[in-house]
Amino acid sequence: MKAVQIQGDASSPRVVINPSMDIPKPRNDELLIRVHAAGITGDEILWPEPYLCATRIPGHDISGVVFSTGPQYHGPLKIGQDVFALLSADRGQGQADYVICLPKEVAPKPESLSHEEAAALPIPLLTAWEAIESHINIRPGMRVLVTGASGAVGIMAVQLASQLAGANVVALSSSRHHDMLKHLGAQEVLDYNTSDWNRQTTDVDCVLDTVGGDILTQAWSAVKEDGIIVTVGDPAPAWAYGRGVANESVDRPHVRYVHFIVSPNSERLAKASDMIDSGHLKPLPIKPFIFNEAVGAWAYARQRNRGHKAVIDFVRGYEGL
Ligand SMILES: NC(=O)c1ccc[n+]([C@@H]2O[C@H](COP(=O)([O-])OP(=O)(O)OC[C@H]3O[C@@H](n4cnc5c(N)ncnc54)[C@H](OP(=O)(O)O)[C@@H]3O)[C@@H](O)[C@H]2O)c1
């Protein structure tokens, strides 16, 4: 099978394509998915997992068709069914013709979307959903600041927080995305190019940060004294993974703060699939690339100000190598 690989290490990664890798075999209750499209989260190249995996195949976001199942799979999905999946952080290997999925990772694909559109969704969707439901427990009327609101996680967070949870969303992005974010449900918009953006709103109940770094630091002054900050931005803050306390918490001791890594969740994916098909959740804008252009797709995915999520198509336009 053909696959993308990341060679080198996180300090000097090199994306390559390989046309002759072994097709994995499903064991136990695993499913083998014929991948039609795989989404790219550009920062994955900074994560340790691709470099710990023998195949060096990256990729956690896929859409495809159930090709075969392990002998102990008795779940609801059928061979030939269209599905999409978030492959766990420690498993990945989705940027290939075939990938192994666990039952908890995979759900029916939204029927109204192409495989390319569906492949862009699982990580952003489940990251936003987990932050909102499991870490923040957003309730109607709460004020939520979403940073990186025009990014993949941000677009999902704005929609889920406003429409699913009934929160009042304050979206932080460059001004060219403000109309789109208001259309998706943001009540207020702020421009990160304004030096005092974090003083223009000082009473949010929670921050859902998808940027990290200086933006995360500045967001501390926007949150209430008893508020919560949840961050997923890369690189993770120094205090993540139990490595200490945030410097800002000295002056703001009652603000809670959390960093987490998204978990697979087939139930949430299935619910989101229905919300998309019923028009309650809008998909992400995507930029599809054919497999032969995978190196360029990764370069695109690493750029700022893209506005679209890069997706590699494993079926269409393949001309051999
Ligand atoms: N921990 C987890 O489980 C987890 C899960 C998913 C994603 N992530 C991480 O979360 C982050 C967001 O992911 P994504 O897929 O949404 O990425 P994305 O689509 O590239 O979006 C990133 C967003 O952040 C904004 N941004 C980047 N740098 C900024 C800066 N210095 N100041 C202000 N805004 C800035 C971008 O705005 P512009 O377009 O204007 O540049 C864009 O809106 C990534 O770092 C990703 O690795 C973590």
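Trainee: Okay, so on a 1 Å grid over the protein atoms alone, a pocket is an open set of points with protein on both sides within 12 Å along at least five of seven lines, and lining residues have an atom within 4 Å of a point. Which residues lie nearest the centre of the second largest pocket?

Mentor: Keep in mind that this is a predicted model. Cys53, Thr55, Arg91, Gly92 and Gln93 lie nearest the centre, out of 22 lining residues. Helix H1 (49–52) and strand E6 (98–101) are the elements that give two or more residues to that lining.

Trainee: What volume does the second largest pocket have?

Mentor: About 310 Å³. As for the residues lining the second largest pocket, 12 are nonpolar, 5 polar and 5 charged.

Trainee: Switching to the ligand. How many residues surround it, and which are the closest?

Mentor: There are 23 residues around the ligand, with Asp43, Tyr192, Asp234, Val262 and Arg304 the closest. By type, the shell has 11 nonpolar, 8 polar and 4 charged residues.

Trainee: Which helices each supply at least two residues of that shell?

Mentor: Helix H3 (122–136) and helix H4 (152–164) each do.

Trainee: And where does the ligand lie relative to the domains?

Mentor: Between domain 1 (3–121 + 283–313) and domain 2 (124–259), because both give residues to the shell around it.

Trainee: Which side chain has a polar atom 2.5 Å from a ligand oxygen?

Mentor: That's Tyr192. There are backbone N or O atoms to look at too: one from Gly151 lies 2.9 Å from an oxygen atom of the ligand, and one from Val232 lies 3.5 Å from a ligand oxygen. Overall, the protein covers 85% of the 920 Å² of accessible area the ligand has on its own.

Trainee: Back to Asp234. What kind of peptide bond joins Asp234 and Pro235?

Mentor: A cis one, with omega at about -10 degrees.

Trainee: Last one: what's the phi of Asn28?

Mentor: Positive, about 50 degrees, although Asn28 is not a glycine. Look for Asn28 in the loop between strand E2 (14–18) and strand E3 (31–39).

Technical notes
Residues numbered from 1 in each chain as written. Predicted model: local features only at pLDDT ≥ 70, side-chain atom pairs only at ≥ 80, totals over all residues. Heavy atoms only, no water. Near = heavy atom within 4 Å. Polar contact = N/O pair within 3.5 Å; in protein donor to acceptor, adjacent residues only side chain to side chain. Areas by Shrake-Rupley, 256 points an atom, 1.4 Å probe, with all protein chains shown as cover. Helix = DSSP H or I, 4+ residues; strand = E, 2+ residues; numbered from the N terminus. Nonpolar A, V, L, I, M, F, W, Y, C, P; charged D, E, K, R; others polar. Domains from an automatic or database assignment. 1 Å grid on protein atoms, 1.4 Å probe; cavity = no way out; pocket = protein on both sides within 12 Å on 5 of 7 lines; lining within 4 Å. Points joined across faces, edges and corners; volume = space filled by probe spheres on them.
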